[in-house]
Amino acid sequence: MSDHHYILAKIDRIIKSDENNWEVRLKDICQVLRDSIPYFNWVGFYFANHQTKMLHLKAFAGIPTDHTEIPFGKGICGQVALSNKNFVVPNVHDQDNYIACDINVKSELVVPLFVDGINVGQIDIDSNALDPFDNNDALLLEKVNQKVAHYIPNIFYTLA
Ligand code: SME
């Protein structure tokens with residue numbers, strides 16, 4: 001948990017760094033998370049368009065993915081767009097409704113991001129390890145999302 005304190009302090013500085021635009025800040029946050037937790041192999045932020053019911057990838061760290069747009073309901077990310085709840089997938093091969101981005105990925109954790117109580121996006125973590133996530137990971141990502149939610153400009157998402 002003390003590690004979390006250090007990670008969150010770094011992320012706080014990124015969020016408040018006025019010299020970078022928000023695309024860069026989100027990317028830097030992804031990079032800090034990927035560099036800090038060994039089993040976070042891919043980290044990305046998707047944001048929602050509630051009118052078209054689509055998620056759009058706005059920043060990531062890790063290998064590029066083809067899945068930059070995901071319909072609500074599709075895959076782990078799309079399910080979280082509808083459920084408004086954290087989704088921990090210890091083994092992606094056990095999931096029918098899963099979108100594979102990289103054959104090396106074995107597990108996934110998605111945590112929704114709320115602005116004024118509305119699920120406007122999410123942070124998505126892919127891991128090449130089987131069942132690596134614990135409650136502390138979800139807690140860390142919830143805190144990151146709360147910080148981002150507080151400052152992110154509303155051009156990143158579209159409400160209904
Ligand atoms: N696996 C995700 C798709 C996004 S990639 O992990 C980058 C899903 O099933 O929604």
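The backbone oxygen of Asn119 lies 2.8 Å from a polar side-chain atom of His50, a polar contact in the sense of a pair of N or O atoms within 3.5 Å, where within protein one atom must be able to donate a hydrogen and the other to accept it, and residues adjacent in sequence count only if both atoms are side-chain atoms. The model is a predicted one, in which local features need pLDDT of at least 70 and side-chain atom pairs count only at pLDDT 80 or more, while totals for chains, interfaces and linings use all residues. Residues are numbered from 1 along each chain as its sequence is written, and side-chain values use heavy atoms, with hydrogens and water left out.

His50 sits in the loop between β1 and β2; strands here are DSSP runs of E with at least two residues, helices are runs of H or I with at least four, and both are numbered from the N terminus. With a relative accessible area of 16%, His50 is buried (buried means under 20%, exposed over 50%, and partly exposed in between, for a 1.4 Å probe and protein chains only). Leaving aside residues up to four places away in sequence, His50 touches Phe72, Ile118, Asn119, Val120, Thr158, Leu159 and Ala160, contact being heavy atoms within 4.5 Å.

The loop between β1 (42–49) and β2 (54–61) also holds Lys53, which is partly exposed at 46% relative accessibility. Lys53 has a positive phi of about 55 degrees although it is not a glycine. Most residues other than glycine have a negative phi. Asp116, too, has a positive phi, near 50 degrees. Asp116 belongs to the loop between β5 (107–115) and β6 (118–127) and is exposed, at 78% relative accessibility.

A backbone N or O atom of Ile76 lies 2.9 Å from a ligand oxygen atom, and a polar backbone atom of Cys77 is 2.8 Å from an oxygen atom of the ligand. On the side-chain part, an N or O atom of Glu108 is 2.8 Å from a ligand nitrogen atom.

Among the helices, α2 (residues 22–36) and α4 (residues 135–151) pack at an angle of about 170 degrees, with axes 13 Å apart; axes are lines fitted to C-alpha atoms over the stretch in contact, and angles run from 0 to 180 degrees between N-to-C directions. The two helices are therefore roughly antiparallel, a term for angles over 145 degrees. Trp22, Leu26, Ile29 and Leu33 in α2 meet Leu140, Leu141, Val144, Val148 and Tyr151 in α4.

Methods: Parallel < 35°, antiparallel > 145°, perpendicular 65-115°, else oblique.
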